[in-house]
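Here's a quick tour of a protein model.

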Amino acid sequence: MAKNRRDGEHDEFPLPTKILSNGEFTPPPQSENQKKVERRINELTDTFAGKLGMDRRAFLKTSCGMAVAFMAMNEIYGYFFDVSPCEAAEPNAPRFRQLGSQFIFDVQTHFVRDRYTWKGTLPLREEAKKKGWNPELKGEKTDLDKVKFQNYLREIFVESDTSIALLTSAPFDQTEKWFLFNDEMAKARAQVNKMAGSKRLYCHALFTPGRPGWLKEMDLAIPLKPDSWKGYTVGAPFENSKYHWRLDDEKLVYPAYEKMVKAGIKNVCIHKGILPPGYNLKMMRNWQASKVDDVGKAAKDWPQLNFIIYHSALKMGVEPPEEELSRFEKDGRIEWVSDLAEVPAKYGVKNVYGELGASFAASCVSHPRFCAGMLGQLVKGLGADHVLWGTDSVWYGSPQWQIEAFRRIEIPPDMQQKYSFAALGPVDGEVKNMIFGENAARLYGIDVNDYKRKAATSPDNFAILKDSWVEGEEAHVSSIIGG
């Protein structure tokens with residue numbers, strides 16, 4: 001029988017009970033509701049683990065533990081996640097775990113190069129371990145190896161249902177802080193796809209308007225054949241930067257668009273939103289460039305390009321989740337996200353997209369109702385066919401819990417009626433399938449049906465490794481990819 005726990009005591013939970021940070025924003029303190037979720041997870045775990053004759057730790061590592069976590073979320077916040085008590089009573093058999101073949105294209109993933117020395121991202125993973133956000137982090141030594149190549153392979157392609165990933169990076173004013181340079185992303189893409197025996201990894205090339213020699217760097221990147229471009233209008237994450245810019249700067253940036261069109265690399269991914277730790281607009285004026293008031297004109301002037309706004313411009317960590325939700329309930333708006341959702345109608349464009357990296361992870365655990373409002377606005381304004389799945393992994397471990405959460409979440413009926421939001425629908429329905437992968441597949445020229453057919457008839461090396469991991473053959477997995 002699993003023993004009872006005092007308030008505040010817990011094992012490693014299957015999903016976060018506090019807002020995650022990717023390091024680019026300051027998360028608020030744990031709310032009272034999030035503490036209630038923790039307590040309820042403990043209580044439900046005692047009940048279901050005891051009936052199954054399992055100890056608490058073992059139970060929470062099963063899919064039953066994941067189901068219990070969503071049950072607790074529903075009890076505290078209202079019914080947002082599709083989950084049944086039956087799923088908590090049948091170890092490793094809930095219906096959602098049978099969706100491993102669902103096509104999922106994660107368009108925002110990270111790791112750092114082997115010789116990387118800056119430890120600025122490690123506190124994210126250490127916090128995830130201390131707070132029990134991800135049970136797989138239990139007992140690990142938090143060092144740079146955990147955000148490097150081998151662990152990336154494990155957490156993205158073996159420990160999650162991700163089908164295809166897009167590798168990205170970030171620029172800094174100090175080049176030694178760049179996670180990966182353009183040639184390193186291209187080399188990693190080639191290496192991963194060779195190891196997999198199929199095309200599992202795509203990659204960005206960074207473009208950095210205003211930096212010395214930046215247009216020449218674009219010329220050097222084009223022969224690498226990046227799958228898309230990545231830019232930071234703020235100049236650099238985490239900090240003040242002197243290299244901030246606007247998407248609609250005709251003199252500075254439009255020459256870059258000309259190069260993109262000529263090279264046939266037409267997906268332009270832009271970091272927006274996410275205010276950094278210690279954010280102060282007066283001191284960090286580059287963060288004015290995080291707004292989306294430059295998107296519409298650029299998209300209208302360059303219909304040949306697709307402008308994919310990362311994080312969907314969500315301002316995270318500026319106010320407590322309850323205050324953000326209260327403002328949304330009052331006026332139906334989410335600052336910057338609403339502005340982004342209104343761009344297509346305001347400018348008459350069809351080439352603007354929203355990406356969910358970090359914004360979904362943070363909002364679905366801070367308050368699912370706020371998260372539902374964000375998703376509803378994006379789908380309503382941009383269209384369900386213009387929202388892309390991304391997780392910002394591996395800064396805090398495998399993205400599997402995010403996949404499980406998105407599979408289950410729904411916009412409640414009262415919000416659908418009040419704001420004219422459409423339902424997200426079933427886990428394998430049209431809307432979620434589009435967001436999970438079909439939209440990105442269209443932008444990157446992937447035939448999803450062909451991909452699924454090949455995956456079913458000729459599993460690649462990563463699929464075989466994943467089967468080994470599910471069956472508990474950790475030694476075999478480790479011998480192939482390390483870790």
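Searching the whole structure turns up three cavities of 30 Å³ or more. Keep in mind that this is a predicted model. Let's look into one of those cavities, then check out the helices.

**The second largest cavity**
- There's about 40 Å³ of space in the second largest cavity.
- Its lining is made up of Pro171, Phe207, Thr208, Pro209, Arg211, Gly231, Tyr232, Gly235, Tyr243 and Trp245.
- Sort that lining by class and you get six nonpolar, three polar and one charged residues.

**Helix α14 against helix α15**
- Find helix α14 at residues 359–366 and helix α15 at residues 368–382; their axes come within 5 Å and cross at roughly 140°.
- α14 and α15 are therefore oblique to each other.
- On the α14 side, Ser359, Phe360, Ser363, Cys364 and Ser366 meet Pro368, Phe370, Cys371, Met374 and Leu375 of α15.
- This contact between α14 and α15 has seven nonpolar, three polar and no charged residues.

**Helix α11 against helix α15**
- Helix α11 covers residues 321–331, and it packs with α15 at an angle of about 50°, the axes being 9 Å apart.
- That angle makes α11 oblique to α15.
- The crossing where α11 passes α15 is left-handed.
- Here Glu324, Leu325, Phe328 and Glu329 from α11 meet Arg369, Phe370, Gly373 and Gln377 from α15.
- By class, the contact of α11 with α15 splits into three nonpolar, two polar and three charged residues.

Technical notes
Residues are numbered from 1 along each chain as its sequence is written. This is a predicted model: local features need pLDDT of at least 70, side-chain atom pairs count only at pLDDT 80 or more; totals for chains, interfaces and linings use all residues. Side-chain values use heavy atoms; hydrogens and water are left out. Axes are lines fitted to C-alpha atoms, for helices over the stretch in contact, and angles run from 0 to 180 degrees between N-to-C directions. Helices (H or I, at least four residues) and strands (E, at least two) are DSSP runs, numbered from the N terminus. Angles under 35 degrees count as roughly parallel, over 145 as roughly antiparallel, 65 to 115 as roughly perpendicular and the rest as oblique. Contact means heavy atoms within 4.5 Å. Ala, Val, Leu, Ile, Met, Phe, Trp, Tyr, Cys and Pro count as nonpolar, Asp, Glu, Lys and Arg as charged, and the others, Gly among them, as polar. On a 1 Å grid over the protein atoms alone, a cavity is a set of points where a 1.4 Å probe fits but cannot get out, and a pocket is an open set with protein on both sides within 12 Å along at least five of seven lines; lining residues have an atom within 4 Å of a point. Grid points are joined across faces, edges and corners, and a volume is the space filled by probe spheres set on the points. A crossing is left-handed if the near helix is turned anticlockwise from the far one by less than a right angle, and right-handed if clockwise.
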